[in-house]
Amino acid sequence: MWLALLTLGVLFSGLALAADERGRVLAGNTLIFSGLTSAIALLLGAPLAFLLVRTDARGRRAASVVLAGLLVTPLYVLAAAWQAGFGVQGWCSLAVGGPALMTGWRGAVAIQALAAVPWVVLIVGVGLLWSEAELEEDALLDATPGLVFRRVTLRRAAEALFTALVWVFVTTAGEMTVTDLFLIRTYAEEIYTQFALGDPLDSAAWRIAPSVVSIAWVIALGLYAVGRLIPADRHPTQRPAAPFRLRTWRYAATLTCYAAVGVLLLVPAASLAIKAGRVVVRTGATLERDWSAVQCLAMTLGSPWRFAREMAWTAVIGALAASAAVAIGLPLAWSARGGGWRAAPAWATVAICLAVPGPLVGLAIIKLFNAPQAPILGWLYDHSIAPIWLAQTVRSLPLPTLILWYGLRTIPADVLSSARLDGASPLVRFLRIALPQRWPVLAAAWLVALAVATGELDASILVVPPGVSTLPIQIFGLIHYGVDDQVAGISLFMLVALLGYAVALALVARRAARESSR
């Protein structure tokens with residue numbers, strides 16, 4: 001793993017030294033932005049993951065559902081929410097009359113880091129759940145709980161901490177939503193900007209190619225290591241480690257959980273509500289700003305009608321992309337469940353899809369469909385949703401593949417061996433045994449893929465066909481002109497709807513966990 005990190009650093013350094021002045025600036029900005037974001041997200045998310053997973057603090061389940069909702073909330077919604085409160089025209093900035101908090105590097109890093117906190121909580125939380133109960137119980141016989149936490153629990157979660165750090169770094173390096181809004185020039189943002197200006201993109205694509213290869217290499221090695229850590233047919237029925245009893249610190253931990261929920265959800269939601277209900281009233285000869293609950297409800301509940309066309313396209317394309325991602329991820333996960341060389345196609349596919357920035361995916365799709373020797377591809381590019389469907393499928397493929405891999409890996413090997421001895425072919429074992437036993441895992445993978453696909457922006461914005469406009473593209477364009485009441489209303493509606501979506505996803509995930517334990 002350290003060799004992979006060294007390879008990443010060497011390739012990035014060589015890229016920066018070999019590039020021109022513009023390339024060095026882009027490489028430096030990408031490294032600084034991704035590094036700051038991943039460090040801040042880890043510092044905020046890792047302690048929260050410990051409180052939610054391994055302590056007896058109150059409010060853990062509610063906080064987990066909220067974080068699950070934020071996990072599937074698109075980045076542009078969170079960006080609009082924070083800008084509505086603390087941007088240049090945000091209610092807080094106007095109220096205090098001082099400089100806006102969410103501007104430039106400060107705003108971009110803050111929004112990206114806060115959006116990445118739920119991912120850190122998820123990854124680190126899973127790592128903490130994998131800690132063996134026997135090791136901690138044996139250590140507690142000779143040491144205090146605090147020492148056991150530092151010497152046993154924290155060390156066992158070190159790989160999860162590292163995985164969360166790399167995950168946030170990689171996904172941040174490939175994002176352009178926030179960097180474009182705050183004018184931070186990174187490689188991903190540069191590709192999108194050059195496309196918008198009509199400049200040739202080959203030079204930018206070639207400059208970023210070494211970093212994409214190095215990041216994909218690190219991800220592939222990480223997935224290989226995770227595959228070795230989780231043995232085949234691993235049952236998640238092992239006795240979980242007992243939670244740490246906080247005693248007098250329990251109320252402080254509970255307050256911390258509620259504060260985290262307040263910062264991550266209530267503050268953005270309140271900012272959107274204030275912005276959506278903002279009205280201007282005349283008092284004598286002057287105009288004054290005021291807030292109206294009726295206006296807020298009208299803007300929020302009326303948003304689906306105002307953006308009905310965009311929401312319909314988003315739902316249709318997202319459902320098709322999620323179905324395609326699950327259809328592709330199923331055979332990859334089934335072949336990877338046994339480990340070894342059979343897992344290479346799955347690891348390579350996931351690593352490449354994660355490493356390639358969204359704008360570069362869009363560029364590749366443009367190259368694919370812009371083929372003079374195949375006129376049918378050009379026709380599909382201009383008259384169908386095939387390009388944006390492909391873009392969302394590629395971007396949403398990694399997560400459902402990983403979910404399916406873990407779910408299929410927990411199927412007891414003796415069940416499949418018995419079916420093989422009875423003459424069942426691999427296809428029959430897959431269709432008659434694996435899928436019926438793990439259908440909740442399949443449903444969870446599809447729901448996660450749907451959430452990723454419907455919120456995808458970086459690649460879709462480059463390949464959207466004429467006459468088609470998805471909700472992310474529409475809102476992203478409006479945010480550039482400021483977060484007005486319409487943007488605030490639709491963003492608030494989506495935030496509330498995604499919380500309900502998270503509840504449904506949590507119920508399906510719980511059912512999937514129960515099925516996987518059998």
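Biologist: What does Ser271 touch, leaving out residues up to four places away in sequence?
Modeller: Ser271 touches Ala81, Ala84, Gly85, Phe86 and Trp91. Bear in mind that this is a predicted model.

Biologist: Which helix does Ser271 lie in?
Modeller: Helix α13, residues 250-276.

Biologist: And is Ser271 buried or exposed?
Modeller: Buried. Its relative accessibility is 0%, and the cut-off for buried is under 20%.

Biologist: Let's zoom out. How many helices and strands does the protein chain have?
Modeller: There are 27 helices and two strands. The chain has 518 residues, and 50% of them count as buried.

Biologist: Now the inside. How many residues are in the largest nonpolar core?
Modeller: It has 95 residues. Leu70, Phe182 and Ile475 have the most contacts inside it.

Biologist: Which helix gives the most to this core?
Modeller: Helix α6, residues 104-129, with 13 residues.

Biologist: Tell me about α6. How far does it reach?
Modeller: It has 26 residues and reaches 38 Å from its first C-alpha to its last. That is close to the 38 Å expected at 1.5 Å a residue.

Biologist: Where is the kink in α6?
Modeller: At Ala116, shortly before the proline Pro118. The kink is about 30 degrees.

Biologist: Why call α6 largely enclosed?
Modeller: Because 19 of its 26 residues are buried, the rest of the structure largely encloses α6.

Biologist: Switching to rings. How many aromatic pairs turn up in the whole structure?
Modeller: Five. One of them is Phe33 with Trp105. Their ring centres are 6.3 Å apart and their planes sit at 70 degrees, so the pair is edge-to-face.

Biologist: Which helices hold Phe33 and Trp105?
Modeller: Phe33 lies in helix α2, residues 21-54, and Trp105 in helix α6. The pair therefore ties together parts that are 72 residues apart in sequence.

Biologist: Are those two buried or exposed?
Modeller: Phe33 is buried, at 1% relative accessibility. Trp105 is partly exposed, at 32%.

Biologist: What about Trp347 and Trp405, how are their rings placed?
Modeller: The ring centres are 5.2 Å apart and the planes are at 75 degrees, so this pair is edge-to-face. Trp347 is in helix α17, residues 344-355. Trp405 is in helix α21, residues 398-409. The pair links distant parts of the chain, 58 residues apart.

Biologist: Buried or exposed, for each of them?
Modeller: Trp347 counts as buried at 9% relative accessibility. Trp405 counts as buried at 5%.

Biologist: How many of its residues are buried?
Modeller: Nine of the 12, which leaves α18 mostly covered. The buried residues include Gly358, Pro359, Leu360 and Phe369.

Technical notes:
Residues are numbered from 1 along each chain as its sequence is written. This is a predicted model: local features need pLDDT of at least 70, side-chain atom pairs count only at pLDDT 80 or more; totals for chains, interfaces and linings use all residues. Side-chain values use heavy atoms; hydrogens and water are left out. Helices (H or I, at least four residues) and strands (E, at least two) are DSSP runs, numbered from the N terminus. Buried means under 20% relative accessible area, exposed over 50%, partly exposed in between (1.4 Å probe, protein chains only). Contact means heavy atoms within 4.5 Å. A nonpolar core is a set of buried Ala, Val, Leu, Ile, Met, Phe, Trp, Tyr and Cys residues joined through side-chain atoms within 4.5 Å. The expected span of a helix is 1.5 Å times one less than its number of residues. The bend at a residue is the angle between axes fitted to the seven residues ending there and the seven starting there. Rings of Phe, Tyr and Trp (its six-membered ring) pair if their centres lie within 6.5 Å; planes under 30 degrees apart count as stacked, over 60 as edge-to-face and the rest as tilted.
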